[in-house]
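My notes follow in the order in which I checked them.

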Amino acid sequence: MAEFDKLVEALKAAGEVTRLRLLALLADGELSVKDITDILAQSQPRVSRHLKLLAEAGLVVRNAEGAWAYYRIADSGSRGELVASILQQLPKEDAVLVADHHALEKVKLAHQSKANKYFAQVAQSWDKLRKLHVPESAVEAAILKYVGPKRINNLLDMGTGTGRMLELLSDVYVHGTGIDFSREMIGVARAKLAAAGISHAQIRLGDISEDEAKDGSGALDASDALANLVILHQVLHYFDDPGRVLSNASARLADGGRILVVDFAPHDLEFLRERDAHRRLGLSEQQMQMWGQFCGLKIDHFEQITNQHSNETTDKSLVVCLWVLTKSKGT
Ligand SMILES: C[S@@+](CC[C@H](N)C(=O)[O-])C[C@H]1O[C@@H](n2cnc3c(N)ncnc32)[C@H](O)[C@@H]1O
């Protein structure tokens with residue numbers, strides 16, 4: 001198809017009420033078809049048909065993950081520019097778009113409350129549970145090896161849970177901050193750090209998916225010192241849009257600093273969504289690169305952590321990966 005015809009197709013794809021609403025919704029971040037269906041209150045086949053048309057026109061990108069599919073808006077190339085200019089023209093105060101936005105917030109809150117309930121239940125036993133899923137000693141050895149013994153001024157542990165990373169790296173950082181939205185988790189973290197005599201780390205309650213607060217309120221406080229090392233250890237798979245959390249991590253990163261992400265490689269253990277409140281079935285290298293690029297980060301280091309001392313309790317179909325991201329030049 002000639003470029004001209006392709007452009008006509010793309011404009012036709014965007015030029016329809018539901019599809020424009022879809023673009024407006026996806027401008028806020030990646031969403032699963034299931035959530036989009038709930039937000040628009042339209043049937044799943046209907047929503048899927050609209051999404052397929054947008055994807056064929058290159059205006060959105062599909063990512064299949066187990067029984068779910070996620071969509072995001074095209075953010076690069078000529079279609080990325082076209083989507084950006086369409087989004088710019090959208091009247092933000094339009095009643096339908098405002099209602100969609102409210103419905104989206106409601107869906108996000110429901111997910112958050114489900115995750116919060118799950119972590120409230122497991123807070124006391126989390127340190128034991130973590131070991132059941134993954135070869136913890138191999139993962140921690142890889143983290144210690146990568147971080148190295150050189151002193152780090154400020155460490156930020158996003159989704160700190162019971163504060164294990166702050167404990168593991170306590171000899172390395174001068175000042176540590178852990179943030180988590182579960183009161184139960186941070187209760188355990190505070191008690192544990194106090195018992196271990198770690199007084200150079202503080203734990204804060206907060207939502208790491210929220211944008212940085214310029215006024216000093218919120219979890220990611222713009223007035224805090226920037227971090228030399230940001231850790232996201234087994235956290236990103238709890239988010240529909242891990243790119244948003246990564247972007248928040250990037251905003252808190254000092255020049256020359258590193259972001260260490262430890263998470264699962266793509267897997268097909270669908271039951272973890274229901275049982276353990278996972279949203280994403282692991283993260284691929286390609287996705288990490290794409291989310292990183294979007295917020296000015298590049299992957300400096302990647303490794304799969306193999307479990308040489310595998311024991312019977314860890315799940316063999318879960319592979320843990322370690323990514324190190326730094327700011328790309330010129331950002
Ligand atoms: C699987 S645990 C990992 C905890 C810790 N990093 C570790 O490896 O032991 C994920 C943590 O992310 C936290 N979390 C999930 N969503 C969050 C959000 N929106 N804001 C802050 N913390 C969040 C949960 O409360 C939980 O403690």
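I call a residue buried under 20% relative accessible area, exposed over 50% and partly exposed in between, with a 1.4 Å probe and protein chains only. The model is predicted, so I note that local features need pLDDT of at least 70, side-chain atom pairs count only at pLDDT 80 or more, and totals for chains, interfaces and linings use all residues. Residues are numbered from 1 along each chain as its sequence is written, and side-chain values use heavy atoms, without hydrogens and water.

**Positive phi.** I looked up Ala277 and found a phi of about 65°, positive although the residue is not a glycine. Ala277 is buried, at 7% relative accessibility. It sits in the loop between α12 (271-276) and α13 (285-294); helices are DSSP runs of H or I, at least four residues, numbered from the N terminus. Ala41 also has a positive phi, near 50°. Ala41 is in the loop between α3 (33-40) and α4 (44-56) and is exposed, with a relative accessible area of 70%.

**Ligand.** I counted as near any residue with a heavy atom within 4 Å. The ligand has 19 residues around it, and the closest are Arg130, Gly159, Asp180, Asp207 and His233. I then looked up polar contacts, here pairs of N or O atoms within 3.5 Å. A side-chain N or O atom of His233 is 2.4 Å from a ligand oxygen. For Trp126, a side-chain N or O atom is 2.9 Å from an oxygen atom of the ligand. Ile208 uses a backbone N or O atom, 3.0 Å from a ligand nitrogen.

Technical notes:
Helix = DSSP H or I, 4+ residues; strand = E, 2+ residues; numbered from the N terminus. Polar contact = N/O pair within 3.5 Å; in protein donor to acceptor, adjacent residues only side chain to side chain.
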